[in-house]
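Keep the viewer open as you read.

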Amino acid sequence: MSLSKKIYDRSPVWFQDLMVSLQGFVYNRRRWDAPLGRSLLAELRESQWWTADQFRDYQAEKFHKHILFAQINVPYYAELFSSKGITPRDIRSVDDIARIPFLNKTLLRARPLDFLRGGRPHRSWNRHFTSGTTGSPMNLYTSRESFTRVWSFVFRLREWCGLSDPIYPRRVQFTGRDIVPNGSAAGDGPIWRRNVAGNALLMSTSHLSRQTVPAYVQAMKNFAPELIDGYPSAIAVVARVAQRLGLELPRPRAIITSAETLPAEDRRLIQSAFGCKVFNQYASSDTGAFICDCEHGNLHINPEFGICEILDSEGRPAKPGEEGEIVTTSFCNTEQVFIRYRIGDAAVPGPPDPCPCGRMMPRVEAVTGRVDDVLYIPERGFVGRFDPIFKGLHGIYEARIIHESLGVLRVELVPDPEYNEKCEAALIESLRRKVGRQIGIVVDKVAEIPRGPNGKFRSVTSMCRNEYPEV
Ligand SMILES: [Zn+2]
């Protein structure tokens, strides 16, 4: 645990609020370039009304430049293109993408530096971790410019939501971030923290239970957000319990859900409980693709973000209504370049008919991957979104969590050569922060983790769902 984390955990709540706000302030300064962001948002406001041909031409030109950039600056692609005899001259249309082989996570993990511009990280870049849906942690790099580029798409979505200030709306965010020290629960003090710099109230998703929901609801009502965003599993738990207990919920203008699959049932529940529209957003953490709902509740691929392919098992574009794998090529990040990246998520392409919103952006029926199960941990209540526990951990290729019985969690992991006792202790500590101290945790090292139907990986599985209390 870092020193700042130790200090944070032992501080009073007002001081933690201050630290969260300060971190929000530093975060904004390091990552957000306001003039650039506003001008990008203005461009996106225009381009959303382009015709299908305009989108195609734009993508072809950007893709050509991207290939040229990768060939000159990124060691892996310099080598790949030369061995395959691919030159940027060959890339004239988006369809030419089929000439480039897929990129998978195993290759990325084997040669992480070779995907960076110049072959090494630059001092000014921001480094963050992702565990993705497969539980294998990975370093990700962005510059201030690429981060701003990605966020301009979030801001456009917030405009679709009808927010008055898309950049700093008054916002409640349900977060898996470790903002409330271990052991806190209802009665021990608030389970949310205030980020004044980001105009946000952060709600910990690790402390949700039937007992704590009334406190969450009261805090949200006092804050009166214009926007609520975060993990749908957590927002759905709040909605379900509030309805059951007859609690009055705040009335935001919109709710944006992200990072998990949004089941249709949960969408209906959240919309009726909060009395506003839910906008689902899929944006992979390595900035590969951006797919989001419009005002008519239809998902659209944002083509200015990059090329988002949805492919069947033969590598051909999946048909409307047929599930396929998401393969991404982002134009946004030039520090770490991934072309045709198999991200491990699945989606179903939507019908070719135009959407009533009038935008010609390709439609998606559903993003079906990233199904994170919510587990019931007696000490903590309903806990979802386990991906973050793997963030920053080393020595693990792949891991999954199995809820064997109410009293036992088993972690199956495929160790890499770096794995040792320290890694294991860090993993257990990270998991404990999420699930508390009472449940038994067993770690099993295995050679491989079996896939489920359709070759899908499930990072969280419950064997004792029938013992969960009804919400
Ligand atoms: Zn639409």
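This is a predicted model: local features need pLDDT of at least 70, side-chain atom pairs count only at pLDDT 80 or more; totals for chains, interfaces and linings use all residues.

Angles between elements run from 0 to 180 degrees between N-to-C directions, and axes are lines fitted to C-alpha atoms, for helices over the stretch in contact.

**Helix pairs**

Helix α3 (residues 34-47) packs against helix α7 (residues 144-160) at an angle of about 45 degrees, and their axes are 9 Å apart. That angle makes α3 oblique to α7, and the crossing is right-handed. On the α3 side, the contact is made by Leu 36, Gly 37, Leu 40, Leu 41, Leu 44 and Arg 45. On the α7 side you will find Glu 145, Thr 148, Arg 149, Trp 151, Ser 152, Phe 153, Phe 155 and Arg 156. By class, this contact of α3 with α7 holds seven nonpolar, three polar and four charged residues.

Next comes helix α8 (residues 213-223), whose axis comes within 10 Å of that of helix α9 (residues 232-245) and crosses it at roughly 100 degrees. The two helices, α8 and α9, are therefore roughly perpendicular. Val 213, Pro 214, Tyr 216 and Val 217 of α8 meet Val 238, Val 241, Ala 242 and Leu 245 of α9. Here the contact has eight nonpolar residues, with no polar and no charged ones.

Helix α9 also meets helix α10 (residues 264-274): their axes come within 9 Å and cross at roughly 55 degrees. The pair is therefore oblique, and the crossing of α9 and α10 is left-handed. From α9, the residues are Pro 232, Ile 235, Ala 236, Ala 239, Arg 240, Ala 242 and Gln 243, and they meet Asp 266, Leu 269, Ile 270, Ala 273 and Phe 274 of α10. This contact of α9 with α10 has nine nonpolar, one polar and two charged residues.

| Helix pair | Angle | Axis distance |
|---|---|---|
| α3 and α7 | about 45 degrees | 9 Å apart |
| α8 and α9 | roughly 100 degrees | within 10 Å |
| α9 and α10 | roughly 55 degrees | within 9 Å |

**The sheet**

How many strands does the open sheet have, and in what order? There are twelve, running β4-β5-β3-β6-β7-β8-β9-β10-β14-β13-β12-β11, with mixed pairing. The edge strands are β4 (192-195) and β11, each of which pairs on one side only. On average, neighbouring strands of this sheet are turned by 30 degrees against each other, direction ignored.

Helix α7 touches β6 (227-230), β7 (254-258), β8 (277-283) and β9 (290-293), and its direction makes about 165 degrees with that of β8. Helix α10 touches β7 and β8, with its direction at about 135 degrees to that of β8.

Is strand β11 (residues 306-311) largely enclosed or open? Five of its six residues are buried, so β11 is largely enclosed by the rest of the structure. Six bridges join β11 to strand β12 (residues 324-330), and the two run antiparallel. Along this pairing, Cys 308 stands opposite Thr 328 of β12, while Ile 310 has Ile 326 of β12 as its bridge partner.

Key:
Residues are numbered from 1 along each chain as its sequence is written. A residue is buried if 20 or more other C-beta atoms lie within 10 Å of its own, exposed if 12 or fewer, and partly exposed in between; C-beta atoms are placed from the backbone. Helices (H or I, at least four residues) and strands (E, at least two) are DSSP runs, numbered from the N terminus. Two strands pair if DSSP finds at least two bridges between them. Angles under 35 degrees count as roughly parallel, over 145 as roughly antiparallel, 65 to 115 as roughly perpendicular and the rest as oblique. Two residues are in contact if their C-beta atoms, placed from the backbone, lie within 7 Å. Ala, Val, Leu, Ile, Met, Phe, Trp, Tyr, Cys and Pro count as nonpolar, Asp, Glu, Lys and Arg as charged, and the others, Gly among them, as polar. A crossing is left-handed if the near helix is turned anticlockwise from the far one by less than a right angle, and right-handed if clockwise.
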